Amino acid sequence: MSSALALRSAHDSAGPDRFDAAILAGVAAIADGPLAAAAGAIDQGSYPLDLMGQLAEAGALGAHLDRHGARFGLAIAAMQTASRACGATGFLMWCHDVCGLYMEQSGNPALTGAALADHVAGRSFGGTALSNPMKAFAGIEPILLRATPAPGGYRVSGMLPWVSHIGEGQYCGAIAGVVSAGETITHEIMFLLRCDRAELRPCPHFSGMEGTSTWGLRLDDYFVGPDDMIADPARPFIGRIRAAFILLQCGMGLGVAEGSLGAMHAVEETLGHVNQFLDDRPDEIAGELADLRGRVMQLARTPYDGATDYLIDVLDARAQTSDLALRAAQSSLLHQGARGYLMSSAPQRRIRESHFVAIVTPAIKHLRKEMARLSREVMPA
Amino acid sequence: MSASEPTDGLGPWRQFLCRACGLIYDEAEGDADSGIAPGTRFADIPDDWVCPVCGVTKTDFEPYRRRAPAALTEVAPVPPRRRGVVIVGAGIGGWSVAEAIRSWDADIPITVVTSCAGDIYHKPELSVALGRGLSPEKLLRETGGAAAARLGLRLMADTVAVGLAPERRRLRTTRGILPYTHLVLAHGARPALPPGLDPALCWRVNDFTAWAALHAELARGPRRVAVVGAGMVGCELAEDLARAGHGVTLIGAAGLPLPELLPEAAGRRLLAALEGLGIAYRGQTLVRGLTRAPGGDVALALDDGSSLAAQTVIAATGLATPSRLVQAAGLAFDRGIAVDPQTLRTSRADIFALGDCISLGGQPCRFIEPVARQAEVIAYGILGRPHEGYAHSAPVIRLKTRSLPIEWHGLPAPGLAWDVVEESGDRLAMVQRRAGEVVSRLVA
């Protein structure tokens, strides 16, 4: 996966232009060291911006960008490595990665210059608020942010319930439906939303992954000018990055499954004599994980392939990472028995992480509905 | 706690749906957590009230109307614990395999996965039904649900097979993952549209659902219809439409219809017969693009620069076997799913295929006649019963144009000369010979 671009500055001590192996080694050192130690606290609510900064320094948060060789496979592998220690941090990496993707693909000089360099280096942080519009585009729910044209841009109002990896001084990619006369939405705009000009409202408690800095986001007459515009109209842009957006998520599920596999192996010597009677044994999970990872890495070579068949392949792989994470986490707890059931245990935490992988947009049910829609023949209305 | 029936004269208690998280505010129940008493009208809730689950504001709620429950009656929610045979496709191929298995084994679990409803109809009738005044109800022989009950199998309707893991014997579908002992692929082929033909502007008639929708459009009264493609399906549909009273233009790439199968003398007869029904033939013409014209017509841009307007456009431009599922699973594919010509096994011994989706020696064979024999071979193979094997022979092909029915014995060889063996006013017989041996014969 090394590209010419990666070779160019391969001797840099840090950053996303290093060799793949160097980046992955750096991520593994963080994952197996400080991240594994912090995983329980992150699950309880500690937002690991320091560790995200270290991951950025290791080069893990920009490898997928065109300017760093468009190494999507590497970005996914880095996310997997972190997620095997902490699913919440893997999710934060995805949020950060896709936000960088929006900024770069916007082609907007105000977003692709120093702002993106800071983002990739972990000097600033931002996430994504596309859960609602992605579901809106699939006809699952109405779009929640509304924009009205204003001199020099738009004014946006509305409330998004759950947006992650945001906070004071941070930002996220967001989409609003443009309403002109009446209630009709003419098109959508995508923009970089600055949290300092929005109201962050606390969310109810989730069953886990509380350290993802997830807030309700309320906008009241929020002005969007050209410097923050990612795409106007937004739909063609989303169509272009959609497969990449979904494919990147696979790193989370693969990592949760890999972490679960490790927990099964850890007790094989002592409990193998009884664990042999369980379903989804380590060999089986390991085989499926290797196959699925291979497919994901193959798909990661052409993230901007616009064919419908490619998109279905991506959705199928993403659905499968959810399925595998669920089964692996479940089996891992059963393999560990009572010690896995302790509130502080990693297998217990991974059960909840795997549930998150399966319900975060796009959830398994959304993926299936979309695959069914894409498989239907289009006919005259 | 909930309030009793309202007395404020504003009608029954109403419900409001949070558009963000799906919470329902019920006026009868109120919202105890926020101190909103039971019996509080939504309009009377303070404007700073927020959704107790997700925190969005009052303006993000909308009146809640109960949706009709999704029709799930034919989808069993739980996969069987016992593995068994999984059949993908509920056309004639899929149902034939199920029937053949059941005639020998009443117990083996069978699951049929189909992207349609699984209703049973006779496909060749689709290209002659309009002229006979047949309705969708008349064409439907048995509903999928009834057939599933009769055969004691599980039908997963409106379910798409999206992924296949042959080494783990698991089929991924849009309604869950199915383990199997044997898999039968009978998903058929799909209409192949040339670039330029917008699928939203032209019909393709390759299954009952599409035909029924087209039937509904044509039932509004006589229409100007353009049929793009003058192969077998195009010629049959053109005649059928003309007989049903529609004004038909048939557009073909060659000077005469059916150029792959008919020598010139026979092609002229067919053309004359079609023209005798009032069909206008536009030969040596390709359609470059379709656009919706003001007023509702579809404008067909032709490659000679001219254009044609039609109220309904039907494309009959051939079929292609979808390859994504099987190729991603590593099964051999060569213009169709490659199968062993005797056993109809794919490159994986526990996966069989039949019907329109297969190819034998790189040749698809999209005719109905061999399907029953193929199904029997597969059923025997699955049940481990001895069978002498499938023997493929070119089926007799019939063009169901009543104005000039044509029959072929032996598939015509491209480029080989045709000799007239009989010719009169109402009958033409021709043969192709290779080294003196007749390889193909047609009677028109």
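**A proline and the partner chain**

Author: Leaving aside residues up to four places away in sequence, Pro149(A) touches Tyr154(A), Val178(A) and Ser180(A). The model is a predicted one. Pro149(A) lies in strand S2 of chain A, which covers residues 146-150. Pro149(A) counts as partly exposed because it has 13 C-beta neighbours inside 10 Å, whereas a residue would need 20 or more to be buried and 12 or fewer to be exposed. As for a position elsewhere in the chain, Gly100(A) is 49 residues from Pro149(A) in sequence, and their C-alpha atoms are 26 Å apart in space.

From chain A the account passes to its contact with chain B. To this contact chain A brings 24 residues and chain B brings 27 residues. On the side of chain B that touches chain A, strand S9 (161-165), helix H4 (208-218) and helix H7 (324-328) of chain B each supply at least two residues. By class, the residues on that side of chain B comprise 16 nonpolar, five polar and six charged.

Chain B itself may now be described as a whole. Its secondary structure consists of eight helices and 30 strands. The C-alpha trace of chain B extends over about 95 × 60 × 35 Å along its principal axes. Of the 444 residues of chain B, 38% count as buried. Among contacts in chain B with a separation of 6 or more, 61% join residues 24 or more positions apart.

Domain 1 of chain B takes in 15-64, domain 2 takes in 72-189 + 321-383, domain 3 takes in 203-318 and domain 4 takes in 397-443. Between the centres of domain 3 and domain 4 of chain B, taken over C-alpha atoms, there are 24 Å. Each of these two domains of chain B, domain 3 and domain 4, gives 15 residues to their contact. On the domain 3 side, helix H5 (232-243) and helix H6 of chain B each supply at least two residues. H6(B) gives the most to that side, namely seven residues. The side of domain 3 of chain B that touches domain 4 has 10 nonpolar, one polar and four charged residues.

What is the strand order of the open sheet of five strands in chain B? The order is S26-S27-S30-S29-S28, and the pairing is antiparallel. Strand S26 (397-399) and strand S28 (418-424) of chain B are the edge strands, each pairing on one side only. Direction ignored, neighbouring strands of this sheet are turned by 15 degrees against each other on average. Within the sheet, strand S29 (residues 427-434) and strand S30 (residues 437-443) of chain B pair in the antiparallel sense over six bridges. Arg433(B) has Val438(B), in S30(B), as its bridge partner. Helix H6 of chain B, residues 264-276, packs on this sheet and touches strand S27 (406-409), S28, S29 and S30 of chain B. The direction of H6(B) makes about 150 degrees with that of S29(B).

Key:
Residues are numbered from 1 along each chain as its sequence is written. Chains are lettered from A and ligands numbered from 1 in the order in which they are written. This is a predicted model: local features need pLDDT of at least 70, side-chain atom pairs count only at pLDDT 80 or more; totals for chains, interfaces and linings use all residues. Helices (H or I, at least four residues) and strands (E, at least two) are DSSP runs, numbered from the N terminus. Two residues are in contact if their C-beta atoms, placed from the backbone, lie within 7 Å. Two strands pair if DSSP finds at least two bridges between them. Axes are lines fitted to C-alpha atoms, for helices over the stretch in contact, and angles run from 0 to 180 degrees between N-to-C directions. Ala, Val, Leu, Ile, Met, Phe, Trp, Tyr, Cys and Pro count as nonpolar, Asp, Glu, Lys and Arg as charged, and the others, Gly among them, as polar. Domain bounds come from an automatic or database domain assignment.
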